[in-house]
Structure formats: C-alpha cells, structure tokens
Amino acid sequence: MRRQPERTGAGPSTLWGRLACSWAAAFAGLHFYWAVGGDVGLSVSAGPLATERPLWFVVAGLWGMGALCLLGALLAWLLARSRGRGVPALPARCLGWGVSALLLARGIGIEVLLLTNTTHLDTSVSVAQRAWTLALWNPWFIAGGLAFGLATLRSRRHTDTGRPPPSRR
C-alpha cells in the first residue's frame, strides 16, 4: 500500500491569501520603519515630505498607512482561512475585491501617467523618484492588487463548492 504525501494545507485557495497577507505585512513594516525615523527608500517614495517630515505626514501618511496595511493583512488572512464560515464571507470578499481594485488602479494608473508623461511632471518629482516609482513602487502595488484579487477569487471558489477542505492525515 502506498502512502499519500501529507498535504500542507497551502493549496491555491490559501496560497494567494497568504501571499497577500505577507505583502500587506511587509508594506506595514516599511511604513512603521519610516514612522520611527528610518529613511531608506522614503526620499524616492515621498519626495520633499521625506526631508521635512511634517507631523501630519508622520501620523497619517506613515503610522496611518501602516495601520491600514495591518488591516489589509488581517483581511488577506481571513480570505485565506475563512472558507465562508465564522467570518461573514460576503463582506470579506467585497473588501478583498475593493482592495485589489484600489491597488491595481494605483499601480497601473501611476505607471501609465509616468510612462506617457501625461501629467507634465514639474520639478517636485525628481528623476530618481520617477525611476524608483516606475521600477519598484508601481510593480509592488500591482503585485499586491493581483495577490488580493486572486485570494478573493480563490476564497469564493472554495466556498462555492460547498465541500469542506481536505483533511490532514
């Protein structure tokens, strides 16, 4: 008799939720790092605000965005594990689609604006800031949007089947 390999529970329905959760947690960590005084990468992300660091920017832009990212990590974790039980599945999926759409619109929209120079950028956006935005930040937002979208899609497919998840042996 052959033994079946043990399942890790990281099937497609949970994999994307875990990736979205990791994405949001990493982004939260980066914002908290900047909020406590770290500056690596902030100048090419925030421009002049990085050097001035007004109180409103630190509170809302860094601590606030970090807190929102932690809520996003919680949402992704719920999408990965809820299976439509315990947590209201419909609101979680609606939020998942909303987060996905917001991240994709931000990433793709800014990318298109920068590549087509539609906005006729003034001197407040440096060449380095533009390059880092095109090469790192926008792809990062697009990756997060795809992860949240796929986590939401897989969560829905899993709950629609009506079957419980495979048990571990």
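Contact, as used in these legends, means heavy atoms within 4.5 Å of each other. The structure is a predicted model, in which local features need pLDDT of at least 70 and side-chain atom pairs count only at pLDDT 80 or more, while totals for chains, interfaces and linings use all residues. Residues are numbered from 1 along each chain as its sequence is written, and side-chain values use heavy atoms, with hydrogens and water left out.

View 1. The protein has 6 helices and 0 strands, helices (H or I, at least four residues) and strands (E, at least two) being DSSP runs numbered from the N terminus, and along the sequence the pattern reads α-α-α-α-α-α. The mean pLDDT, which is the predictor's confidence in each residue on a scale from 0 to 100, is 81 for the protein, and 76% of its residues reach 70 or more. Among the elements, helix α2 (residues 43-46) has the lowest mean pLDDT, at 77, whereas α4 has the highest, at 93. Of the contacts with a separation of 6 or more, 72% come from residues 24 or more positions apart. Buried residues make up 32% of the 169 residues, where buried means under 20% relative accessible area, exposed means over 50%, and partly exposed lies in between (1.4 Å probe, protein chains only). The protein exposes about 10500 Å², and carbon and sulfur atoms supply 67% of that area; accessible areas come from the Shrake-Rupley method with a 1.4 Å probe, and for residues only the protein chains shown count as cover.

View 2. A nonpolar core is a set of buried Ala, Val, Leu, Ile, Met, Phe, Trp, Tyr and Cys residues joined through side-chain atoms within 4.5 Å. The largest such core has 16 residues, and those with the most contacts inside it are W23 and F148. Helices α1 (12-35), α4, α5 (89-116) and α6 (127-161) are the elements that give two or more residues to this core. A second, separate core of 10 residues includes L42, V58, L62 and W137. Leaving aside neighbours within four places in sequence, F148 is in contact with A20, W23, A24, G72, L75, A76, G96, V99, S100 and L103. One of these partners, A76, has its place in helix α4 and is buried, with a relative accessible area of 0%. Not counting residues up to four places away in sequence, A76 touches G17, A20, C21 and F148, and its C-alpha atom is separated by 8.7 Å from that of S22, 54 residues apart along the chain.

View 3. N138 lies in helix α6 and is buried, with a relative accessible area of 0%. Apart from neighbours within four places in sequence, N138 is in contact with R106, G107, I110, E111, L114 and T133; the C-alpha atoms of N138 and I110, 28 residues apart along the chain, are separated by 7.1 Å. A135, also placed in helix α6, counts as exposed at 59% relative accessibility. A135 and E111 are 24 residues apart in sequence and 9.3 Å apart in space, C-alpha to C-alpha.

View 4. W63 has its place in helix α4 and counts as partly exposed at 39% relative accessibility. When neighbours within four places in sequence are left aside, W63 is in contact with F32, A35, V36 and V58, and the C-alpha atoms of W63 and Y33, 30 residues apart along the chain, are separated by 9.4 Å. M65, L68, L71, L74 and W77 form a nonpolar patch on the surface, with about 490 Å² of accessible area together. Patches are made of residues with over 30% relative accessible area and no salt bridge, with like charges joined within 9 Å and nonpolar side chains (Val, Leu, Ile, Met, Phe, Trp, Tyr) within 5 Å; a salt bridge is a side-chain nitrogen of Lys or Arg within 4 Å of a carboxyl oxygen of Asp or Glu. L68 lies in helix α4 (residues 55-81) and is exposed, with a relative accessible area of 52%.

**View 5. The loop residue R53.** R53 lies in the loop between α3 (48-52) and α4, and its phi is near 45°, a positive value in a residue other than glycine. Most residues other than glycine have a negative phi. At 24% relative accessibility, R53 counts as partly exposed.
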